[in-house]
Amino acid sequence: MGIRDNLEAHLEHLKSTTQGEHNFHQAVDELFDDVISYVEQNESEYNDQVINRMLYPDRVINFSVAWVDDEGGLQVNQGWRVQFNNAIGPYKGGLRLHPDVSLDDFKFLGFEQTFKDALTGLPMGGGKGGSDFNPKGRSNPEIRRFCQAFMTELSRYIGPDQDIPAGDIGVGGRELGYMFGHYKQLTGKFHGALTGKGPSFGGSCIRTEATGYGTVYFLEQVLIDQDDELKGKRCALSGAGNVSLYCSQKLIEKEAVVLTLSDSQGVLRSEEGFTQEQITDLIELKETNHGALKDYKDTLSDTSGLKYTEGGDVWDGEYDIAIPSATQNEVDEAEAKAIIKAGAKIMCQAANMPCTKAAVEAFKSSDVQNLPSKAVNAGGVAVSGLERAQNAMGMSWTSEKVDDELKSIMKNIVKACQDNGKLEGGKVDYSRGANIAGFKRVYKAMAAYYG
Ligand code: NDP
């Protein structure tokens with residue numbers, strides 16, 4: 001049996017022992033399709049048993065979160081932290097609050113995070129966590145009580161050299177403030193156990209913007225390397241949260257045209273392109289009011305050119321670049337076909353694993369270039385890594401310094417994808433490049449421990 005057979009047997013065993021974990025299996029398949037063919041060509045350098053170890057999380061922590069609602073009732077939610085792999089540094093990855101989450105989601109996200117964090121070149125392992133708590137419709141005191149109860153449990157498992165959570169869907173500056181304040185109270189320690197903190201209490205400049213800005217830096221570098229530019233490119237974005245709004249802000253700064261934003265209820269469209277003022281208003285509304293696009297659309301200081309559609313399909317229309325920035329598997333095969341029909345030349349995955357397997361296949365058989373999430377959206381965790389470094393040094397860097405570091409990290413990730421994803425004829429498969437570059441870095445450390 002060759003290494004391919006051994007790895008396929010390991011994969012089969014994993015799937016038989018984790019039945020029903022479809023998102024996790026999808027993430028593993030996406031990475032291992034490339035890794036297996038690469039390892040097969042370099043068989044003497046790799047041990048399949050060490051690779052097999054990479055498929056299993058180090059630890060899955062599950063706890064109950066009991067908190068009191070505004071009526072005095074006792075509510076209970078489930079909390080998770082998946083500490084997937086700390087081969088190259090302490091576990092690092094966000095916390096998600098969404099009613100639909102399950103252990104499957106946190107395993108897929110923790111697995112992805114391991115290789116994404118490796119791509120940044122910083123010493124960070126991979127983890128992910130959160131809860132099935134639904135923040136929508138909850139009052140501010142309810143959110144605070146939930147976050148504090150969540151941290152009461154989570155605090156036993158995290159720390160600056162152990163596991164350093166950050167934000168994700170449903171967890172922004174407000175929630176991280178409540179969590180860090182409680183962590184500090186519980187442990188008596190003011191140190192970098194969380195990132196994404198407010199700048200007045202140890203947070204890094206640019207962390208809030210980093211995932212969106214990093215996405216644009218990545219995209220811009222890919223275009224430059226193809227003798228092209230962002231200026232004038234028509235972009236369709238989904239989502240109306242942290243990633244999509246800061247991505248829009250940077251796109252507009254680069255003179256690209258942002259045509260759409262969306263949330264779970266509808267699509268907000270501007271045929272001429274959103275203005276910087278409209279995006280700034282949306283960011284402010286999102287941070288202070290935590291509502292939906294349909295509540296915002298009439299309250300912007302400038303509503304000219306905007307059209308809101310209840311439901312609606314964000315991928316309708318004509319554009320050059322599709323940037324899904326909402327959630328996993330939001331682009332299925334039919335939507336991939338709509339994106340191809342729209343004339344898009346680039347699928348820029350800003351959300352984590354936003355395309356189903358069938359959608360990825362559809363892009364592969366078209367001329368749409370697929371830029372993978374683990375590389376595209378690594379800017380967020382990269383600046384989290386820089387926040388951790390600043391906390392450890394007891395220093396606070398300027399926005400300019402952090403932004404320069406972010407640009408340089410994103411440029412290095414583009415280069416790593418190109419070096420590892422070059423195809424015959426000079427074209428680059430960025431997805432393969434990201435998978436192999438991330439894998440090689442994690443494997444090297446794991447081989448030192450187990451090889
Ligand atoms: P936010 O919570 O700030 O925003 C998410 C946006 O996506 C909201 O507009 C939300 O709409 C929409 N959305 C979420 N779930 C769904 C769904 N099931 N169907 C339709 N719309 C949905 O999250 P972020 O912007 O932080 O995260 C977006 C994506 O980027 C996620 O995949 C996340 O994992 C990834 N990411 C985030 C990073 C970060 O630093 N924040 C770092 C790296 C990746 P609604 O409010 O109506 O639910």
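Helix 5 and helix 6 are oblique to each other, a term for angles that are not under 35 degrees (roughly parallel), over 145 (roughly antiparallel) or 65 to 115 (roughly perpendicular). The model is predicted, so local features need pLDDT of at least 70 and side-chain atom pairs count only at pLDDT 80 or more, whereas totals for chains, interfaces and linings use all residues. Residues are numbered from 1 along each chain as its sequence is written, and side-chain values use heavy atoms, with hydrogens and water left out.

Two packed helices are described by the angle between their axes and the distance between the axes. The axes of helix 5 (residues 140–154) and helix 6 (residues 173–187) cross at roughly 45° and come within 8 Å. Such axes are lines fitted to C-alpha atoms, for helices over the stretch in contact, and the angles run from 0 to 180 degrees between N-to-C directions. Helices (H or I, at least four residues) and strands (E, at least two) are DSSP runs, numbered from the N terminus. The crossing of helix 5 with helix 6 is right-handed; this term applies if the near helix is turned clockwise from the far one by less than a right angle, and left-handed applies if anticlockwise.

Which residues of helix 5 and helix 6 make the contact? Helix 5 contributes Asn140, Ile143, Arg144, Cys147, Gln148, Phe150, Met151 and Thr152, and helix 6 contributes Arg174, Glu175, Tyr178, Met179, His182, Tyr183 and Leu186. Contact here means heavy atoms within 4.5 Å. By class, the contact of helix 5 with helix 6 holds eight nonpolar, four polar and three charged residues. In this scheme Ala, Val, Leu, Ile, Met, Phe, Trp, Tyr, Cys and Pro count as nonpolar, Asp, Glu, Lys and Arg as charged, and the others, Gly among them, as polar.

Helix 7 (207–224) and helix 8 (residues 242–253) pack at an angle of about 50°, with their axes 7 Å apart. Helix 7 and helix 8 are therefore oblique to each other, and their crossing is right-handed. In helix 7, Thr208, Glu209, Thr211, Gly212, Tyr213, Thr215, Val216, Tyr217 and Leu219 meet Asn242, Val243, Tyr246, Cys247, Gln249, Lys250 and Leu251 of helix 8. The residues of this contact between helix 7 and helix 8 divide into eight nonpolar, six polar and two charged.

Five strands form an open sheet with mixed pairing, in the order 1-2-4-3-5; two strands pair if DSSP finds at least two bridges between them. Strand 1 (59–68) and strand 5 (163–166) are the edge strands, since each pairs on one side only. From one strand to the next, the twist averages 20°.

Strand 4 (residues 125–131) has two partners to consider. Six bridges join strand 2 (residues 74–85) to strand 4, and these two run antiparallel; Asn85 has Gly126 as its bridge partner in strand 4. Strand 3 and strand 4 pair in the parallel sense over five bridges, and Arg96 stands opposite Gly130 of strand 4. Strand 3 (residues 91–97) is also joined to strand 5 by four bridges, and these strands run parallel. Gly93 has its bridge partner in strand 5, namely Pro165.

Why is strand 4 largely enclosed by the rest of the structure? Seven of its seven residues are buried. Buried means under 20% relative accessible area, exposed means over 50%, and partly exposed lies in between (1.4 Å probe, protein chains only). Gly125, Gly127, Gly129 and Ser131 point one way from strand 4, while Gly126, Lys128 and Gly130 point the other way.

Some individual residues complete the tour. Most residues other than glycine have a negative phi. Ile206, although not a glycine, has a positive phi of about 75°; Ile206 is in the loop between helix 6 and helix 7 and is buried, with a relative accessible area of 12%. His290 likewise has a positive phi, of about 55°, and is not a glycine. His290 lies in the loop between helix 9 and helix 10 and is partly exposed, at a relative accessible area of 36%.

Ala292 is also placed in the loop between helix 9 (276–289) and helix 10 (293–296), and at 9% relative accessibility Ala292 counts as buried. Leaving aside neighbours within four places in sequence, Ala292 is in contact with Asp263 and Gln265.
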